Amino acid sequence: MTDLFKATKAMFHLPQGMIYLDGNSLGPLPRAASERVARMMQDEWGEMLITAWNRAGWMDQPARLGDRIGRLIGAPAGTVVLGDTLSIKVFQALAAALSLRSDRRVILSDSGNFPSDLYMAEGLAGLLGQDHVLKIAPPEDLGAAIDEDVAVLLVTEVDYRTGRRHDLDELTRRAHAAGALVIWDLAHSAGALPVDVTAGGADFAAGCTYKYLNAGPGGPAFIYVAPALADRVRPALSGWLGHEAPFAFDRDYRPGRGIERMRVGTPPVIQLAALEAALDVWDGVDMLALRARSLALTDQFIAGVEASCPELVLATPRDHARRGSQVSFRHAEGFAIMQALIAEGVIGDFRAPDVLRFGFTPLYIDAADVQGAIDILARVMRDRLWDRPEYRQRGKVT
Ligand SMILES: *Cc1c(COP(=O)(O)O)cnc(C)c1O
């Protein structure tokens, strides 16, 4: 397995002298992606122009690549499609779920969820204007907050700040027992750990491709709808490419078959070419081996940082079952510490109010990288390298 991950690491462009622990936010460039995108631009866009929609298979790309993501999340062929961004896919899934439970008014989520998911839920509740409400429970009380008023449970498996992982299967069982539908947000799960939407009984799932799947900035999101529901949902975002026959240009909307109806408009063809190259890296990767390596790397980082930086407070669960593929530490000067660390060549990121966040992505991070990061962080703390005014100035993106 070590050889496998040596091989996958060689498939990425990783800048010299940098230890990149931010693949949970933006994955690095797969070497094959530059060439693939260049070829697509020249041979397809350049030479075929509009005929490439058929001749180069552009129109089928969202479903074809959806099937390849399906393998990573336990979804059968024909149940996943790509397009738009995750915020949009969350909105679509919520609207679909609410329409299937039109007798209920509550969307339930937790305060560890990513703000965009909660904003989208609130926006949709307001738009529906039928007394829909978003209820937000503390993460540890989410299961207990499920009752028979809940129409849909919107749960992000791994907390983007702390790396705390929910027990999705258990939450899904409880929600179904109460008659609610469940949406899994897999933003920090797809490509990070084993996922099985089928065995876990997810009704809907969505995630992004530019984090652990390495499709590049602006890579489109994916959405899964359980086969039993796919032909029953009426899309709220009823765009022409989700129509049964887009090129009939009918006056009236008729939803396409199954997952096709979750498409909205023109697919991002250039981004999909990059995604296709990124997905090639996953061929032959066993998700259980990936998980074992992820846990070994996060264990190593936790132990090393705790031994050398006693001022940093671990925010990530020690329990393997409750941990995603990232490690976070808290410190009141977290922002400045992260800036100093970045200046020293270790890239992580900062999340307000006080979280230093590090992603561990086994495809291209190994034990030597982890040790290097521990050593540099220890030096930043010991020598107070962070204590400079310029490290307190915040850019637009943290
Ligand atoms: C990263 C992330 C998003 C981002 O949504 P975009 O629309 O792709 O910008 C949404 N939800 C969660 C849980 C995330 O982690």
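A residue counts as buried when its relative accessible area is under 20%, as exposed when that area is over 50%, and as partly exposed in between. In this predicted model, Tyr160 has a relative accessibility of 7% and therefore counts as buried, whereas Phe114 is partly exposed, with a relative accessible area of 36%.

A search of the whole structure finds ten aromatic pairs. A pair of aromatic rings is described by the distance of the centres and the angle of the planes. For Phe114 and Tyr160 the ring centres are 5.1 Å apart and the planes stand at 80°, so the pair is edge-to-face. This pair links distant parts of the chain, 46 residues apart, since Phe114 belongs to the loop between β5 (106-110) and α6 (115-128), and Tyr160 to the loop between β7 (150-156) and α7 (168-177).

Another edge-to-face pair is formed by Phe335 and Phe350. Because Phe335 lies in helix α12 (residues 334-343) and Phe350 in strand β14 (residues 349-351), this pair ties together parts that are 15 residues apart in sequence. Phe335 is buried, with a relative accessible area of 6%, and Phe350 is buried too, at 2%.

The two pairs are set out below.

| Pair | Distance of centres | Angle of planes |
|---|---|---|
| Phe114 and Tyr160 | 5.1 Å | 80° |
| Phe335 and Phe350 | 5.4 Å | 85° |

Charged side chains also meet these rings. The charged end of Lys211 sits over the ring of Phe114, 5.6 Å from the ring centre, while Arg394 lies over the face of Phe335, at 4.4 Å from the centre of that ring. Elsewhere, ring pairs join Phe301, Phe329, Phe358 and Phe360 into a cluster.

How values were computed:
Residues are numbered from 1 along each chain as its sequence is written. This is a predicted model: local features need pLDDT of at least 70, side-chain atom pairs count only at pLDDT 80 or more; totals for chains, interfaces and linings use all residues. Side-chain values use heavy atoms; hydrogens and water are left out. Rings of Phe, Tyr and Trp (its six-membered ring) pair if their centres lie within 6.5 Å; planes under 30 degrees apart count as stacked, over 60 as edge-to-face and the rest as tilted. Helices (H or I, at least four residues) and strands (E, at least two) are DSSP runs, numbered from the N terminus. Buried means under 20% relative accessible area, exposed over 50%, partly exposed in between (1.4 Å probe, protein chains only). A charge sits over a ring if NZ of Lys or CZ of Arg is within 6 Å of the ring centre and within 35 degrees of the ring normal.
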